[in-house]
Amino acid sequence: MGGSAGTWSNEAIQMEPSGGGGDRELMARLAAGDREALAPLMERHYRRLYRIALSYLRQPDDALDVVQEAFVKAFQSASRWDGSAEAGPWLARITVNLSIDRWRRNRRRAQTFTPLAENDRVQALADLSPAPDRRVQGREAGERVAAALRTLPERQRAVVVLRHYQDMSLEEIAGALGMSLGTVKSSLHRALGRLRLSLAGGRP
Amino acid sequence: MILDHLRHHRRVSLLAAGVLGGAERDETLAHVEGCARCRTELGELRAVVAAMEADPLREAEPPVPLAFLVGRVEREVERTLVPAARPRWWLVALPAAAAVLAVAVLVPSLVARLRPAPEAARAAIPPSEASSLLTEDALARIERNLAREHAARYLSEAGEVLVSVAATGVDCDRADERLDVGRAPERSRELLERRALVQAGGEAVASARGVLDDVEMALREVADLPSCVKRGDVDRLRQEVESRQLLMRIRLMTRELEG
């Protein structure tokens, strides 16, 4: 469960490459216009940002574009970065916002979720449980979850992605999305309720 | 009882999400014990959470090496650092109008005054200098730069093609595990037709020969693919590109050629 996973800051420390300098030092160099700081900063964060964008958009090409755009934006906005804040959540916030922008642009092309037939409700939830063939089951469950995630409002989806795909704590999510803790809690509650109904074949 | 249930309703979601702790968690669990509806709901919510945590995307790796992404970001940063300044129209229009007026008034009289006699005009440029306005060295430099620019563009486009194949995740035949590589085979064939022109750059592109040869081999493999490819073939190509560090070498060589 999420509680066992490391927080953003812990993972950032684990990801630190040799000789790259800390996040704060890299951000300070970036703020001073030092482009050489981009590569080590990207090395520390690009995987995680890619996974956030991919979980949100579900398209590798789009996710890669978003990560690229996020680092360009980070370079451009580095001088406005609050030096006391963690760079990880700040980059996550940029990535989530860019993912939402990209999602809006792609919306017309996005598939609409077709609810399952009512009599499939029990089977649908049973299908989400672990099964012997975990690879196939995982992929199928992933596709069903992806379709259900598409039915969520943008910010609710961001909360779910950061919580259940990135194992971020509620406080970290609040920081990354610029929301109050209460709003994060109610968003998560509503989002899970909608997902439950979508996956069970009800109306979200 | 109803009020108690409503109070715990939100907490059941947070319990399933794994973010409820301490006394709230204990209270909610105690409530769920005695509430059949909440037990069902918690079970269903946990199934939803488990499905997300089993989603393979959680562990997905970026489809391109870091070096390639760094190159893309650096190029984009470079491009945004020299934005095309968009002057206000009147800042351009007013001086332009003044200049047109000045030209219309002054030029006819100046031309009449400065126009040399036909013989004098012919003598103004000695024949020896006229034929050497561009020296051979200058011409060679231009040709060399053009050849290198062409090779850089070629490598950059080839890199884009290889990335588009390696990064594809679009199913075209899910049952047969086939992936859509779009126009990549066609673009590879177009690039291979241009290969001879790059080679014609001779010494100017000599340092790029090794990369060009490896790129050519990779492009030939892509050119032979159908647009709907077996996942295994895409994986093999990706591994080959990675083992040869082709994308990083393309990026470095493109930089070198661009000077």
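Reply: Here is a quick tour, chain by chain and contact by contact. This is a predicted model: local features need pLDDT of at least 70, side-chain atom pairs count only at pLDDT 80 or more, and totals for chains, interfaces and linings use all residues. Residues are numbered from 1 along each chain as its sequence is written, with chains lettered from A and ligands numbered from 1 in the order in which they are written.

Me: How many helices and strands does chain A have?
Reply: Chain A has 10 helices and 0 strands. Both kinds of element are DSSP runs numbered from the N terminus: helices are H or I with at least four residues, strands are E with at least two.

Me: What share of chain A is buried?
Reply: Of its 204 residues, 44% are buried. Buried means 20 or more other C-beta atoms within 10 Å of the residue's own; exposed means 12 or fewer, and partly exposed is in between, with C-beta atoms placed from the backbone.

Me: And what share of the contacts is between residues 24 or more positions apart?
Reply: In chain A, 68% of the contacts with a separation of 6 or more. A contact means two C-beta atoms, placed from the backbone, within 7 Å.

Me: Where do α3(A) and α8(A) meet, and at what angle do they cross?
Reply: The axes of α3 (residues 38-57) and α8 (residues 154-164) of chain A come within 10 Å and cross at roughly 130 degrees. Axes are lines fitted to C-alpha atoms, for helices over the stretch in contact, and angles run from 0 to 180 degrees between N-to-C directions. The two helices are therefore oblique to each other. Under 35 degrees is roughly parallel, over 145 roughly antiparallel, 65 to 115 roughly perpendicular, and the rest oblique. A:I52, A:S55 and A:Y56 of α3(A) make the contact with A:R157, A:A158 and A:V161 of α8(A). By class, that is 4 nonpolar, 1 polar and 1 charged. Here Ala, Val, Leu, Ile, Met, Phe, Trp, Tyr, Cys and Pro are nonpolar, Asp, Glu, Lys and Arg charged, and the others, Gly among them, polar.

Me: New topic. How many residues of chain B are in contact with chain A?
Reply: 36 residues of chain B, against 44 residues of chain A. On the chain B side, α1 (2-16), α3 (36-53) and α4 (66-81) each give two or more residues. That side has 24 nonpolar, 4 polar and 8 charged residues.

Me: What about the largest nonpolar core?
Reply: The largest nonpolar core has 111 residues, and A:L38, A:A53, A:V67 and B:L162 have the most contacts inside it. Such a core is a set of buried Ala, Val, Leu, Ile, Met, Phe, Trp, Tyr and Cys residues joined through C-beta atoms within 7 Å. Its largest share, 12 residues, comes from α3(A).

Me: What does B:L162 touch?
Reply: Leaving out residues up to four places away in sequence, B:A218, B:V241, B:L246 and B:L247.

Me: Is B:V12 buried or exposed?
Reply: B:V12 is buried, with 25 other C-beta atoms within 10 Å. It sits in helix α1 of chain B. B:V12 and B:L45 are 33 residues apart in sequence, but 8.5 Å apart C-alpha to C-alpha.
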